Amino acid sequence: MPLVVGCPRRGPPPRPAGRAQRPPPPHSVAPKRASSSSSSTTPPLLTTRRAASAASLLLAASLLLAALPPFPASSPQLPVASAKEGDEAEAREGEGELELELERYTDRDEGFTLLKPVSWPKVEKAGATALFQQEGKGSNNIGIVVNPVRLSTLTEFGTPQFVAERLIQAEKKKESTKSAEVISAEERSGHDGLTVYEIEYLLDSTRGGMKRIFSAAFVASRKLYLLNIAHSDSQEKPLDSQTRNVLEQVLHSFDSV
């Protein structure tokens, strides 16, 4: 009689008697790894903008308090005339009072205008928005710097007297400064009632000797506009009345457009 072999039984093997069946381990899912783009740390945009605004404000404030020439380290140093250039300029001035014809200079991109001597050419200096200097005597110059700020008006910074005192304090901290004295600090109205501060002071330093400084500042469209006019004013050759009158016209002409 032939032996019949049945098909093997399918399914799990029979459990041994008396042994409890362990539950199958729970199905675990490995956590997804963050992609390289999401795992990289990106500086918060808001923090970056605030830091940049603060840095710009500090730079602008330092420029205002340092009153340009000599410019702070982050701004261009005003050129110092050589002995030969100074002698040539003094020889020309010795012939009589310096005659300076004025012309209008306007920078519509930056938003300011002023009068400047026709004979003072514009020179390029890193960090200066505009710089004009007397030929043969670069220490006599007119400099303008424009920087973005978070101020709406200049009055938020302080009064003209406050700014003048801070300016003098900053000048006296420089090693090259021998003396600094405020002559005047006033306020005037500019274009569309714009508040403009004008400060005049004397500065005696080992860099350029005695100078008379005329400074003006205003804030417009969240920008701080700084004007600085420097001219020699020594006891041996004091600033004559005609040249002073011309420089004051430049000072009063500084305005927004």
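**Strand E2 and its neighbours**

Analyst: Gladly! In this predicted model, strand E2 is joined by two bridges to strand E9 (residues 255-256), and the two run antiparallel.

User: What makes E2 and E9 a pair?

Analyst: Two strands pair if there are at least two bridges between them. E2 and E9 have two bridges, so they meet that cut-off. Within this pairing, Thr113 stands opposite Asp255 in E9.

User: How do you know that E1 and E2 pair?

Analyst: Strand E1 (residues 102-107) is joined to E2 by six bridges, in an antiparallel arrangement. The cut-off is at least two bridges, so E1 and E2 count as a pair. Here Tyr105 stands opposite Leu114 in E2. Four residues lie between the strands of this hairpin, where Gly111 takes a positive phi near 90°.

User: Why is E2 called mostly covered?

Analyst: Six of the six residues in E2 (residues 112-117) are buried, and buried means under 20% relative accessible area. In a regular strand, side chains alternate between the two faces of the sheet. In E2, both faces are covered: one side has Phe112, Leu114 and Lys116, the other has Thr113, Leu115 and Pro117, and all are buried.

User: Why is Glu171 called buried?

Analyst: Glu171 has 1% relative accessibility. The cut-off for buried is under 20%, so Glu171 counts as buried.

User: Where is Glu171 found?

Analyst: Glu171 is in helix H4 (residues 160-172). Glu171 and Ser205 are 34 residues apart in sequence, while their C-alpha atoms are 9.6 Å apart in space.

Key
Residues numbered from 1 in each chain as written. Predicted model: local features only at pLDDT ≥ 70, side-chain atom pairs only at ≥ 80, totals over all residues. Heavy atoms only, no water. Buried < 20%, exposed > 50% of the residue type's maximum accessible area, 1.4 Å probe, protein only.
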